[in-house]
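Ready for a walk through a protein and the molecule it holds? Take a look at the picture first, and then we'll go through it piece by piece.

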Amino acid sequence: MAEATRIVIIGGGPGGYVAAIRAAQRGAEVTVVEKDLLGGTCLNRGCIPTKALLGSVEALHKARSGADFGFGIEGEIVPDFARMMERKNEISKMLRDGIHGLFKKNKVKLVEGTGRITSPTTVDVDTAEGLVTVEADKVIIATGSEPARLPFFDFDQPTVLTSTSALQLEKIPETLLIIGAGVIGCEFASVFSELGTKITIVEMMPQMLPLEDKRLAKQFQGIFKKKGIEVLLKTKVDGIAEYAEDHITANLEGGPQITAEKMLVSIGRQPNTQDIGLETVGVETDSRGYIVVNDKLETNVPGVYAIGDVNGGILLAHVASYEGLVAVENCLGGNQERDLKVVPSCVYTLPEIASIGLNEDQARDEGYHPITGTFRLGAAGKALAIGEAQGYIQIVADEATDKVIGANMMGPHVTDLIHEIAVAIKNGLTVKQIGDTIHAHPTIGEALMEAAHDVHGESVHVAS
Ligand code: FAD
């Protein structure tokens, strides 16, 4: 019997742990090196904890809307922040325990400690018991990323938060200044505004959520405004006037100042590529420190792969996991290329936002003649029934072929609905094929069918 391929994976986030389990399923002998908690950023400091908090504030919002729904609750409804944070931690732990269980079941060996690649076939791990060297036929680097820290801000100050420290807060801040109106900044704004925090967001770009369709971003900004969230676009923070124990004062370009109890810096991520042995082995990185990989996710050093955030592709958990599967395939002799043309992008705010493929402007820039269809959720029975009728669904198609090339949506559960469009784009489906498919009534999903009909001006329920 042929010897099993030995694969060592540095980092047990959604890239590393998914790669490990798949490699073990394929018969490889797998070791994962993890210096902190299995599940990485996603499970412990990112996707899951933020969604757990959003789950809490969504419930809070519904409870406070009792009068609309037809019930009353005696006494004031007040958030129990300590319990919300405890619940978030419980959910993370439950999922982390699940990964430990899957490792056991699939015979993935976990070495706890800081890993460093010392040659294309060896990884040194600094463990509590001392240095351990693990031999490998293939190495996958999946060390992820951490919040970008501009030298500009003093992150040792208790008033300066990253997404990681914001998830450890013990008290709801009365005021919060958020630097950056990207996905993470907007998700935290959604959580804390519901908890009563007065929020100001400063964004240097001309629109919030700069990667989203500009019409959608504008409508979303209106929703934030109604919640009392102040959004300052085309505005830069150009220094800190005062770091105090209980507040911070930031200088905005042009003179004005903003004082807040806490300041959350959510301006992007930086790769975990320091001190992991890349220079020793000669692994190439780009000017921002991300590991350079080819379409097979192999670095310039044969047999050494890099997946997930650390290669700077698309910094999302589902992309990291997908890349884990591709890299494993190639480690085991396959010839699979990464394909990131169809990647759902989701923003878990209240309401949610989801997009995929090209928006109308991008389609035009790419030489398509885009045609669009839109359905407002204000006309969707299910959206009205659940009291979440803000938002719309828009499908973008190519006029020449009628094929779906993109969609953007805002409203309840759109982060689940986006996958219908993912399947459509990936398989070259037309708008007519979506429109001809019976969608259940009443659902938010039927708004997709109506939007598909609207592409050809035939939505029964769209008011002209
Ligand atoms: P990571 O998850 O960062 O995991 C890397 C692991 O490597 C870590 O466990 C780390 O401890 C370990 N490690 C690092 N160096 C070493 C070393 N030398 N030795 C041993 N171990 C090491 N993405 C989504 O798709 N959906 C979301 O809703 C979403 N929400 C987010 C919310 C926030 C607040 C943040 C910060 C991120 C969010 N993301 C979301 C992004 C997502 O978390 C990342 O894209 C994803 O975790 C990347 O996975 P990864 O495996 O590449 O790296």
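**Around the ligand**

Let's start with one spot: an oxygen atom of the ligand sits 3.2 Å from a polar backbone atom of Cys 42. Keep in mind that what you're looking at is a predicted model.

Now zoom out to the whole shell. There are 38 residues around the ligand, and Glu 34, Thr 41, Lys 51, Gly 115 and Asp 309 come nearest. By type, the shell splits into 14 nonpolar, 17 polar and 7 charged residues. Several helices and strands supply at least two shell residues each, among them α1 (14-25), β2 (29-34) and α10 (317-331). The largest share, 4 residues, comes from α2.

Next, the big picture. The domain assignment gives domain 1 (6-146 + 270-331), domain 2 (160-267) and domain 3 (351-454). The C-alpha centres of domain 2 and domain 3 are 30 Å apart. Their contact takes 9 residues from domain 2 and 12 residues from domain 3. Between them, these two domains bury about 1,000 Å², with 53% of it on carbon and sulfur atoms. On the domain 2 side, Asp 213, Leu 216 and Ile 223 lose the most area to domain 3, together 45% of what that side buries.

Key: Residues are numbered from 1 along each chain as its sequence is written. This is a predicted model: local features need pLDDT of at least 70, side-chain atom pairs count only at pLDDT 80 or more; totals for chains, interfaces and linings use all residues. Side-chain values use heavy atoms; hydrogens and water are left out. A residue is near a molecule or strand if one of its heavy atoms lies within 4 Å of it. A polar contact is a pair of N or O atoms within 3.5 Å; within protein, one must be able to donate a hydrogen and the other to accept it, and residues adjacent in sequence count only if both atoms are side-chain atoms. Ala, Val, Leu, Ile, Met, Phe, Trp, Tyr, Cys and Pro count as nonpolar, Asp, Glu, Lys and Arg as charged, and the others, Gly among them, as polar. Domain bounds come from an automatic or database domain assignment. Contact means heavy atoms within 4.5 Å. Buried area is the accessible area (1.4 Å probe) that two parts lose on being put together, summed over both.
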